Amino acid sequence: MKKQPYFLLVIVSFLLFSCNRKEQLFNENVNDWFEKGDATWSFDKGELVGTSAEGSGFVMTNNSYKDFSLELEFYPDSTINSGVFLRCKEHNIDAADCHEINIWDLHPNQDFRTGAVVTKAVPLAKVTTLNQWNTYKIKNQDDRVQVWVNDTLTVDLRDDSLVEGFIGLQAAGKGKIKFRNVTVESLD
């Protein structure tokens with residue numbers, strides 16, 4: 001009789017632990033994501049590197065996500081137009097059918113600079129990210145999207161237009177972007 005409660009405790013602990021684990025995204029030699037477009041994507045010392053000479057390209061998850069926290073590190077050069085696309089309806093990147101969290105300090109329209117949700121939310125703070133490693137923490141829960149760049153809150157948005165979808169990373173224009181330590185944690 002005493003073994004049964006212990007066994008149940010072990011099973012419940014395992015289920016709770018496994019449900020709250022962070023999942024690594026965009027790893028080398030894993031087929032749970034794909035690339036599309038004009039950019040070249042490669043790995044260098046565990047970093048995912050997107051290089052674009054012109055046009056636009058992206059990598060995207062095969063799996064769809066609903067309520068989640070996404071954390072990653074990014075290193076943009078001074079010329080790249082990049083971004084993190086969330087809750088994309090289709091396997092394409094588009095500011096209307098995804099939440100586009102921009103990476104582009106020098107965007108001609110500073111309302112869409114790094115930390116913005118393009119066409120949906122202007123950054124609450126200006127954070128400089130060029131030519132250095134930076135962090136993004138992005139929380140998507142129900143109709144709320146919150147974005148932190150280097151621990152500075154840049155967006156706190158309510159938007160119920162996109163509730164679930166794919167996650168993508170972009171390289172556009174001309175330049176290079178590096179990503180590492182990309183993790184997603186379910187908030188369901």
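Guide: One may begin with Asp67, which is buried, with a relative accessible area of 8%. Please bear in mind throughout that the model is predicted.

Visitor: With which residue does Asp67 form a salt bridge?
Guide: Side chains of opposite charge can pair when their charged atoms come close. For Asp67, the closest N and O atoms of the pair are 3.0 Å apart, and a salt bridge requires such atoms to lie within 4 Å. The partner of Asp67 is Arg87.

Visitor: How many residues apart in sequence are the parts that Asp67 and Arg87 tie together?
Guide: Asp67 lies in the loop between strand 5 (56-61) and strand 6, whereas Arg87 lies in strand 7 (residues 80-88). The pair therefore ties together parts whose separation in sequence is 20 residues.

Visitor: Is Arg87 buried or exposed?
Guide: The relative accessible area of Arg87 is 0%. Buried means under 20%, so Arg87 counts as buried.

Visitor: Which residue forms a salt bridge with Glu71?
Guide: Glu71 lies in strand 6 (residues 68-76), and its partner lies in the loop between helix 1 (3-19) and strand 1 (23-24), so the pair ties together parts that are 49 residues apart in sequence. The closest N and O atoms are 3.6 Å apart.

Visitor: What is the N to O distance in the salt bridge of Arg144 and Asp156?
Guide: Arg144 belongs to strand 10 (residues 144-149) and Asp156 to strand 11 (residues 152-158), and the pair links distant parts of the chain, 12 residues apart. Arg144 is partly exposed at 29% relative accessibility, and Asp156 is partly exposed at 39%. The distance from N to O is 2.7 Å.

Visitor: How many salt bridges does a search of the whole structure find?
Guide: Glu47, Glu73 and Arg180 are linked in a network of such bridges. A search of the whole structure gives a count of eight.

Visitor: What kind of aromatic pair do Phe26 and Trp33 form?
Guide: A pair of aromatic rings is described by the distance of the centres and the angle of the planes. The centres of Phe26 and Trp33 are 5.9 Å apart, with the planes at 70°. Planes over 60 degrees apart fall in one class, so this pair is edge-to-face.

Visitor: Which residues form one aromatic cluster with Phe26?
Guide: Phe26 is buried, with a relative accessible area of 4%. The cluster includes Trp33, which is buried at 13%.

Visitor: Over the face of which residue does Lys178 lie?
Guide: Lys137 lies over the face of Trp148, at 5.5 Å from the ring centre. For Lys178 the distance to the ring centre is 4.5 Å, and the ring is that of Tyr75.

Note on methods. Residues are numbered from 1 along each chain as its sequence is written. This is a predicted model: local features need pLDDT of at least 70, side-chain atom pairs count only at pLDDT 80 or more; totals for chains, interfaces and linings use all residues. Side-chain values use heavy atoms; hydrogens and water are left out. A salt bridge is a side-chain nitrogen of Lys or Arg within 4 Å of a carboxyl oxygen of Asp or Glu. Helices (H or I, at least four residues) and strands (E, at least two) are DSSP runs, numbered from the N terminus. Buried means under 20% relative accessible area, exposed over 50%, partly exposed in between (1.4 Å probe, protein chains only). Rings of Phe, Tyr and Trp (its six-membered ring) pair if their centres lie within 6.5 Å; planes under 30 degrees apart count as stacked, over 60 as edge-to-face and the rest as tilted. A charge sits over a ring if NZ of Lys or CZ of Arg is within 6 Å of the ring centre and within 35 degrees of the ring normal.
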